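Please keep the sequence and the structure in view while reading.

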Amino acid sequence: MGSPGPGPQTVTVRRRRRRSSYQTREALTGFLFLSPSFVFLTAFVFIPLLYLMYVSQLHWNLISTSSYVGLNNYAHLFHDAYFTSTVRNTIVFTAGVMVLTLPTAFAAAFLLNMRLRERTFYRSAFLAPYVFPLVASGIVWTLMLQPQEGVVNWFLSLFGIAGPPWLNSGTWAMVAIVLVTSWQYFGFYTLIFLSGLQGVPRDVLEAADVDGVSGARRIWSVTLPMMSSSLFFATVILVIQSFQVFTQVFVMTGGGPDSATTTIVFYLYQEAFQFFQMGTAATVAVLLLMSLVVLTLLQLLASRRWVYYES
Amino acid sequence: MKTFLTRVGVVAMSGAMLATTALVGSSQAAAARKPVTIQFWYGLGGTLEGYVQKMVDRFNASHPGIKVEALYQGSYSGGGPEQQKLLTAIASGSVPAVAQMEANSIAPFAAAGALLPLDSLMKHSSWDQAGDFLHGMLPSGSWKGVQYAIPFNRSVPVLFYNAQMFHKAGIGSPPATWPELAKDAKLLTHGSGKNKVYGFDVLPDWWPWESWTLSSGGKILNAAKNKALFDSAQAVAPMVIQQQLVKEGYAKVYAGSNYWTEDKTDFATGKTAMYPGSPGDIAQLDTQFTPSVRANWRIAFMPTMPGEKLVVPPGGGNAVIFRKAPKAQQQAAWVFMQWFTAPAQQVWWSEHTGYLPVTGAAVDSAAYQKYLKTHPQGRVVIAELKHQGVMPLNTHYVQMLQFVEQGIQGVFDELKPVQATMHGVAQRIDQVMSGG
């Protein structure tokens with residue numbers, strides 16, 4: 001019998017201990033690398049967020065002494081018909097932009113994915129509106145949409161169509177802002193879809209061909225499911241982007257006519273900087289944040305049913 | 001040896017003393033020579049911006065002890081960019097010394113204690129004592145009996161009209177009432193498509209709205225200034241008339257935020273026969289006039305409803321000094337404000353921009369009287385000043401005007417029923433004023 005050496009148990013313990021100290025070191029290094037962004041996020045996101053929640057419980061015009069009103073601002077907003085109409089406007093805007101942007105961007109991406117000779121030119125042309133500053137394109141569109149002198153109604157008149165009053169009418173002003181926004185965003189989503197399409201494995205498509213699946217059926221049953229992660233990403237981002245719409249409204253309609261295009265963020269701006277009601281403005285911001293979080297979570301939950309990740 | 005060392009020490013010390021004295025002296029002299037630099041925030045863009053900068057250059061050239069940095073901050077209109085920046089500047093404690101402030105907007109700033117009271121300074125001023133200013137120029141700068149602002153670039157709304165078009169249409173004089181204006185607009189409208197000339201361009205803005213409401217015998221708020229009264233049938237009558245003109249194609253209205261500039265352009269280029277505007281518009285009109293309009297533009301009083309008294313609101317901007325600015329800067333700012341309101345500067349400013357001279361001394365000066373001989377339209381504006389009213393300012397007044405503006409858009413852009421729309425606006429501001 002040899003001398004009793006260290007039993008198998010002891011070896012395991014020692015190994016575990018070694019691994020654990022290694023893991024601790026690695027975790028520490030990880031935290032060290034994370035710390036700059038953590039400091040940055042704390043200073044510019046978390047602290048302002050807490051402060052925002054605090055301000056939402058004040059009656060304050062930024063320069064006067066503030067008074068604490070608890071949840072009164074929230075109660076006031078829920079009973080304010082004007083705020084309700086801005087929520088409705090934002091939902092109509094978001095729905096309009098999604099219905100218009102996503103299918104057209106997908107169609108454009110599908111065309112670009114074919115072996116067209118002028119592909120590079122089209123890609124640049126489609127993306128051009130996205131890189132224009134919104135303020136500049138908003139001003140140009142406002143001029144183009146002038147009912148009498150604008151180029152849009154002149155163009156429509158060539159086909160015998162009497163153009164609508166666009167920004168002068170509540171309904172048409174919303175249509176105009178949706179159109180201009182889709183025009184602006186379209187190129188960006190085309191690029192996202194294009195990258196999604198190019199990620200669809202060739203062998204799967206070929207297998208579909210071999211099985212005799214082609215045309216719309218192949219797009220619906222093979223291409224779309226294979227690029228569902230791009231579709232999901234685009235939907236989430238577009239919803240957030242649309243809920244935050246501000247510049248187009250500010251430049252083109254100022255929320256009018258008669259608040260027909262006043263969206264949530266424009267209302268927030270008005271409350272804060274035109275009406276000097278910081279408490280209400282902060283409340284709107286908190287509600288917007290909460291609704292975006294809920295919407296995104298719902299989208300994430302729903303995505304489990306339809307989004308396919310290849311990995 | 002000891003004596004020698006002592007001598008060397010004394011000489012060295014004296015040298016050091018002299019050297020430090022010279023240093024201190026020269027730095028004090030430098031400090032005395034260094035001018036006090038103050039920031040002046042203003043909100044007049046476009047053609048007018050150049051004239052503000054010229055005035056400031058002239059001040060700096062004649063005042064070596066003070067350097068005014070004039071900074072354009074976007075429009076000074078109620079709730080506009082300049083006011084937004086002032087709010088944040090006050091909140092952060094980093095304020096300019098002096099700023100232009102729109103004539104209806106003093107209340108929230110004065111109520112928060114952000115402005116320097118000017119009464120005691122005015123008492124010792126050569127030009128800016130309370131009695132020196134023309135009728136109706138001071139109330140918009142006062143809050144709860146304390147004067148916080150003095151007039152800077154001031155105006156009242158007037159009716160611009162084209163005398164040649166009136167003559168051709170067989171109309172002898174400009175309209176004094178809204179029904180007369182409606183009748184004239186129908187006679188003045190002609191042509192179609194791109195060549196259409198409208199009788200009237202509506203100015204869908206809260207400023208003329210103050211005049212519409214008050215010159216129809218209506219009221220904006222009750223005496224306690226906590227309930228809106230501008231939705232009565234009497235108060236909205238001028239809006240009903242103007243909306244009817246738009247519906248029938250005799251009046252033009254521009255949507256979007258550029259309506260004022262569009263109105264001015266229409267008038268200057270002969271596309272409309274009348275529009276209500278500001279004497280301060282003349283600077284822009286002057287750059288756009290066609291030869292025939294240049295020879296024929298005239299100014300008339302704003303219309304009233306028949307049998308009602310004319311009341312015009314104060315317009316343009318006042319100047320304020322900020323309480324948190326350092327004392328030396330406040331003093332320099334007061335020197336600048338007094339210089340600006342002195343007759344010589346007022347005459348120059350008025351001649352170049354169309355804004356009104358704000359003191360009696362400026363109007364009576366030989367230079368301004370000479371100017372009026374060649375520019376008789378100025379007399380009409382001066383005459384209208386005696387109808388300048390006092391607006392019912394409260395801390396929600398600027399907010400109310402924004403709501404009103406939205407109502408006006410509904411009435412003119414979307415042709416919504418006038419009284420119902422303005423009733424909705426009144427209810428909304430009542431809710432805000434009651435703290436709801």
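## A covered strand in chain B

In strand 6 (residues 149-155) of chain B, seven of the seven residues are buried, and the strand is thus described as mostly covered. Buried means under 20% relative accessible area, exposed over 50%, and partly exposed in between, with a 1.4 Å probe and protein chains only. Helices (H or I, at least four residues) and strands (E, at least two) are DSSP runs, numbered from the N terminus.

Strand 6 of chain B pairs with strand 12 (residues 315-321) of chain B in the antiparallel sense, over six bridges. Two strands pair if DSSP finds at least two bridges between them. Within this pairing, Ile150(B) has Ala319(B) of strand 12 of chain B as its bridge partner.

## Basis of the model

This is a predicted model, in which local features need pLDDT of at least 70 and side-chain atom pairs count only at pLDDT 80 or more, while totals for chains, interfaces and linings use all residues. Residues are numbered from 1 along each chain as its sequence is written, chains are lettered from A and ligands numbered from 1 in the order in which they are written, and side-chain values use heavy atoms, with hydrogens and water left out.

## An open sheet

Chain B also holds an open sheet of three strands in the order 10-7-11, with antiparallel pairing. Strand 10 (274-277) and strand 11 (297-300) of chain B are at the edges; each has a single partner strand, so one side of each lacks a neighbour in the sheet.

Strand 7 (residues 158-162) of chain B pairs with strand 10 of chain B over four bridges. There, Leu159(B) stands opposite Pro276(B).

## Nonpolar cores

A nonpolar core is a set of buried Ala, Val, Leu, Ile, Met, Phe, Trp, Tyr and Cys residues joined through side-chain atoms within 4.5 Å. The largest one has 146 residues, and those with the most contacts inside it are Phe40(B), Phe200(B), Trp209(B), Phe230(B) and Met400(B). Helix 18 (residues 397-412) of chain B gives the most to this core, with eight residues. Another core, of 55 residues, lies apart from it and includes Val180(A) and Tyr189(A).

## A buried residue in chain A

Gln241(A) lies in helix 10 (residues 228-243) of chain A. Its relative accessible area is 19%, so Gln241(A) is buried. Leaving aside neighbours within four places in sequence, Gln241(A) is in contact (heavy atoms within 4.5 Å) with Tyr130(A), Tyr185(A) and Tyr189(A).
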